[in-house]
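The tour below says what to select at each stop.

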Amino acid sequence: MGVINEAKKLMKQNIREYGMYIALVVIMLTFSVATDGLFMSSRNISNLINQTGYIAVLAVGMTLILIIRHIDLSVGFVAGFLGAVAAILLTKTGVPVWATIVIVLACGALIGSFIGFLVTKMGIPSFVATLAGMLVFRGALLRVTSGTGTIIIPNKSFNAIGNGFIPDIAHIEGIHTLTLLLGVIAIGFYIWGEFNNRKNKLTYNFEVLSNTMFTLKLLFVSLVIGYITWTLSGYNGLSWTVIVVIIVVLIYNFITNKTVLGRHIYAVGGNPDAAKLSGINVNRITLIVFSSMSMLAALSGILFTARLQSATTTAGTLFELDAIAAAYVGGVSAAGGVGKVTGSIIGAFVMASLVNGMNLMGVDISYQYIIRGAVLVAAVIFDVKTRNKRS
Amino acid sequence: MNENILEMKNITKTFPGVKALDDVNFQVEKGEIHCLVGENGAGKSTLMKVLSGVYPYGEYSGDIVLNGEIQKFYSISDSERAGIAIIYQELALIPELSVYENIFLGHEIKKGKLIDWNETIKQAGAMLKKVGLHNVNPATKIKDLGVGKQQLIEIAKALSKNVKLLILDEPTAALNEGDSENLLKLLRELKAQGVTSVMISHKLKEVIAIADTVTVLRDGQTICSMSAERGEISESIIIKHMVGREIDNIFPKRNHKDFGDIVLEVKNWCAYDPKIGRDILHNLDFNVRKGEIIGIAGLMGAGRTELAHSIFGNPGEYRIKGDLFVMGQKKHFKSPNDAIKAGVAYVTEDRKGNGLILIDDIKQNITIANLKQLTQQGILNRNEEVKAANYYKESLNIKAPSVEQKVGNLSGGNQQKVSLGKWLFVKPNVLILDEPTRGIDVGAKFEIYTLMNKLVEQGLSIIMISSELPEVLGMSDRIYVVSEGKIAGELTAEEATQEKIMEMATN
């Protein structure tokens, strides 16, 4: 009885977060049934995750942008343009892959600082500044691809970022052993981290979850990680895209939760005037967040270009809207100040699962858009309603 | 004796926890200029909001009788239809629209379904003449006019609605002397044309110059009505009635009287606000010593909050002249962060607006101004954070189930304690408190006063800005009175009285 009450309490406190995970599970199960298990097959899950990568990294950056009450509409074509720049560097100049990546990411950060400069120092609303950016980079993308049209990239190691999988260590039929091993290591790290955290809290005499609840939580999360890696290892194992996304999420999750910068970002979003009077340099925070966004747009461009193995003239179209939708579905508040990087990733997967599942079911594209729109609205309604209830 | 155009009978209006109006009676004779005076928070604005329908019928008890008929106003448009117009201190004009568009906004002149702009411009011109603005082109945009003229256009707008009873809420607060005189002259002219006016004002000289009748409100009650005709009005009598309240015995004693060196001092402090295009502070000089509480008294709009902001790193980006010394060293704070580093903390007047982050919890609010304290190698120690927040929750007696409680869900008193905790956590030498007890209950007030005493005993210096005279008198070692951006006087605790302060503040 005690455990059930505790679970109820946890559920109540975290309804928004858990609601999203539940929604994802419901969507997955529904499609699984509707497609006779095809949706949950190793191959499809692997595809689904890899397709979502370039939107997921954008959603991470967009989360911070929306938290500080701004918006960035330029990210799609910044990604498209910098993807083309990467293609040109690789095919025309022979710059090595690693240098290409560094240069493109640096260009992204530079573009972001400029947008941040327009927003903070020039006082242009971010909607306008980034709308202008969207037009400019769309033009820039057309400009750099005008002579060649689509630029095919023959470089295998670059393309692997979007298509390749991590190598295997032992060859067992039907199982990718390194993926499984990494899964086990991840579970180990997770359990170690949780125990450490719990121990620290106990030395401070803070309240912690009951032993039963704690065990259940560990078990549950370990099972989820285990299941995902098991599924992936049944196909080609972990892709490089997934590795990139995981690293980005870990870094941003760390920054938002564990650093002063992260706290200042939330404060600026929660109440800019109070943040200013608390000694926070609001302009500096805004600049950093826009730089990080465009740098992630550059990364998104790399992932997308590598996945297509080419830079196209229309790359990046509507990425920004997918990223914004993912963040909102993932629980970022439209009023700013609230939102989690992990939430937005889940939001991205919810939206991607919908597309993937409906494609498998053969749902007409017209209905797909309508359903995605409805899900976005439903998610935000749920968000607004649960938020009101808590306050 | 003329007949009354308006009678408000036994009006009582309560807000959660506060009785804003307590059985107020208010009568206005036809054709007179009636001034309503009282301290900040006496209930003047609430009374006028009841009259204008901002607080609709049913939310208050008592009767509003206009021209002998009981009225039930459910909205502002109801009271406007009955011939009542209110002009607020914050003007309700739209800067980007022209004068004629503004005058007839909401009651446009129509020909069929469409607006008749020619007739609108013609009538606007006539209205402008009525208020003495002969040289203003009706096509001028509002933003291109000065505040004084804008005020007159508000009146023109009211006149265009065929107003019988004109209510002005501190109309001259933002005006210079010339503009103020113009406005008073206009009120007299309107009176000659049969318009009745009710004016709320803090400037007693004006009140005496213009009023036929003065009604004083204090703590939500009518204290008295005085008539000029019978020679009952004088400045000292008005002040006596305004402040006549007994000082409650809620101020804890403080025995500590040995002050140290001057900790913070400003000299020739001037500020200009480019956003409103006006000088807001003129040549202020003041200082605070170690272990001392100084009170900054004055009326709303006197420039007290602006003074605090200008010292605390100037977040409003005023243009500042003058010298600031902290611990004997000359300082130029470029941002609130500089001020915090130098040991100055500022608890804002508007805790919901720019003090706290309401969607965040207690611990996040308490630690936000000093997160460095909680980091090791750049990593935030969340357990240390909870510990620090718990310390202030205990020591300030913040009533909440845990420090994870959202600040938006706390009562005003507890929110104020969170604000205090936040600024004590930066370990300041000088604490500026802006209206530290506004909107909080008596119990929490007492706790905050006790805390202030404890803090000065530990050597902190406090600059307390307050509109509540008893609080200023009960807590301060020294008092500066600010009026219209200037220091109107300095009083020691011994020589200060409510009357003296009010006299300085209203001049």
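**Stop 1: a side chain in chain B**

Select Gln416(B) and Arg351(B). Their side chains are joined by a polar contact of 3.0 Å. Keep in mind that this is a predicted model.

Stay on Gln416(B), which sits in helix H14 (residues 412-424) of chain B. Is Gln416(B) buried or exposed? Gln416(B) is buried, with a relative accessible area of 1%. To see the surroundings, show the contacts of Gln416(B) beyond four places in sequence: Val347(B), Arg351(B), Glu435(B), Pro436(B), Ile440(B) and Ile448(B).

**Stop 2: a strand covered on both sides**

Pick strand E18 (residues 344-347) of chain B, which is covered on both faces. Val344(B) and Tyr346(B) are buried on one side. Ala345(B) and Val347(B) are buried on the other.

Next, select strand E21 (residues 430-434) of chain B. E18(B) and E21(B) pair in the parallel sense over 4 bridges. Find Val344(B) and look across: Val430(B) in E21(B) stands opposite.

**Stop 3: salt bridges in chain B**

Go back to Glu435(B), a contact of Gln416(B). The side chain of Glu435(B) also meets that of Arg304(B) in a salt bridge, 3.5 Å from N to O. This pair links distant parts of the chain, 131 residues apart. Arg304(B) is in helix H9 (residues 304-311) of chain B, and Glu435(B) is in the loop between E21 and helix H15 (442-457) of chain B. Both Arg304(B) and Glu435(B) are buried.

Move to Lys141(B) and Glu96(B). They form a salt bridge, with the closest N and O atoms 3.4 Å apart. Lys141(B) lies in the loop between helices H4 (117-130) and H5 (147-160) of chain B, and Glu96(B) in the loop between strand E6 (84-87) and helix H3 (99-103) of chain B, so the pair ties together parts 45 residues apart in sequence. Lys141(B) is partly exposed, at 33% relative accessible area. Glu96(B) is partly exposed too, at 46%.

Then select Lys330(B) and Asp323(B). Their side chains meet in a salt bridge of 2.7 Å, N to O. For a network, select Arg289(B), Glu292(B), Arg478(B) and Glu490(B), which are joined by salt bridges that share partners. How many salt bridges does a search of the whole structure find over all chains? It finds 27.

**Stop 4: where the chains meet**

Show both chains. Here 26 residues of chain A are in contact with 36 residues of chain B. The area buried between them is about 2,400 Å², and carbon and sulfur atoms give 58% of it. Select Tyr204(A), Arg263(A) and Leu277(A). In chain A these lose the most area to chain B, together 31% of what that side buries.

Finally, color the chain A side by element. Those giving two or more residues are helix H8 (177-203), helix H10 (240-258), helix H11 (260-270) and helix H12 (272-277) of chain A. H11(A) gives the largest share, 5 residues. By class, this side has 9 nonpolar, 11 polar and 6 charged residues.

Notes. Residues are numbered from 1 along each chain as its sequence is written. Chains are lettered from A and ligands numbered from 1 in the order in which they are written. This is a predicted model: local features need pLDDT of at least 70, side-chain atom pairs count only at pLDDT 80 or more; totals for chains, interfaces and linings use all residues. Side-chain values use heavy atoms; hydrogens and water are left out. Contact means heavy atoms within 4.5 Å. Buried area is the accessible area (1.4 Å probe) that two parts lose on being put together, summed over both. Ala, Val, Leu, Ile, Met, Phe, Trp, Tyr, Cys and Pro count as nonpolar, Asp, Glu, Lys and Arg as charged, and the others, Gly among them, as polar. Buried means under 20% relative accessible area, exposed over 50%, partly exposed in between (1.4 Å probe, protein chains only). Two strands pair if DSSP finds at least two bridges between them. A polar contact is a pair of N or O atoms within 3.5 Å; within protein, one must be able to donate a hydrogen and the other to accept it, and residues adjacent in sequence count only if both atoms are side-chain atoms. A salt bridge is a side-chain nitrogen of Lys or Arg within 4 Å of a carboxyl oxygen of Asp or Glu.
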